[in-house]
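Dear colleague,

Please find the structure below. My notes on what was found in it follow.

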Amino acid sequence: MKLRPTDALIFGAILAGAVAWGVLGVRPIAQRIATLERERDATRLSIARGDDFVRGLDDLQTYLSDFEQALADLDRLVPEQVDATARLNEINAVAMRCGLKPSMVRPDQPLPRGAIIAHPITVRVESDYEHLLRFVFDVESLPRHTRVTRLDVETDPARSGQVHAQLELTAYSIDSGAGGGT
């Protein structure tokens, strides 16, 4: 089969049109698609980093909430100020609830202990052993950090089951002058 010059010209024109369409039409579109794909990948990476950052902020917010709660607990357990009268009333109330009649409830001198100050109270009671144990448990369960730091117990030979006890109950406060305050 022999090609006529017009057929060759048409074929050449079609071939030139296809090359021109490829160079002028498809190639820029392919380059634009490649650019958009790179931008999409960069955006996905940025979103992933943003998600990680936001997740980190959520973790930080949780940590800060926990920290604020811990500070509130510390302020409740070991406050900056001590109300001696309120403490004496609180100890008397616990003693009465436990069926004890304290013969003495006396605040002692505060004792600096580094960044905290110990506030001892001496309590003298006569009771049976079970009521004394209940009193010790209830005092150490108070909302404010209070510990029995000394306990002297003697039995009463004249009264079976009765004991004489002298306790030192110590609560603590923050010594803001020593750098322990907020």
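How many aromatic pairs does a search of the whole structure find? The search finds one. The pair is formed by Tyr63 and Phe67 and is stacked, at 6.2 Å centre to centre and 15° between the planes. (Rings of Phe, Tyr and Trp, the last by its six-membered ring, pair if their centres lie within 6.5 Å; planes under 30 degrees apart count as stacked, over 60 as edge-to-face and the rest as tilted.)

This is a predicted model, in which local features need pLDDT of at least 70 and side-chain atom pairs count only at pLDDT 80 or more, while totals for chains, interfaces and linings use all residues. Residues are numbered from 1 along each chain as its sequence is written, and side-chain values use heavy atoms, with hydrogens and water left out.

Both Tyr63 and Phe67 belong to helix α1 (residues 5-77), four residues apart, or about one turn of the helix. (Helices, H or I of at least four residues, and strands, E of at least two, are DSSP runs numbered from the N terminus.)

Leu88 lies in helix α2 (residues 84-97). Apart from neighbours within four places in sequence, Leu88 is in contact (heavy atoms within 4.5 Å) with Val105, Pro107 and Ile121.

Turning to the strands, β3 (residues 116-128) pairs with β5 in the antiparallel sense over 13 bridges; strands pair if DSSP finds at least two bridges between them. In β5, His164 is the bridge partner of Glu126. Strand β4 (residues 146-155) also runs antiparallel to β5, joined by nine bridges, and Val153 stands opposite Ala165 in β5.

Yours sincerely
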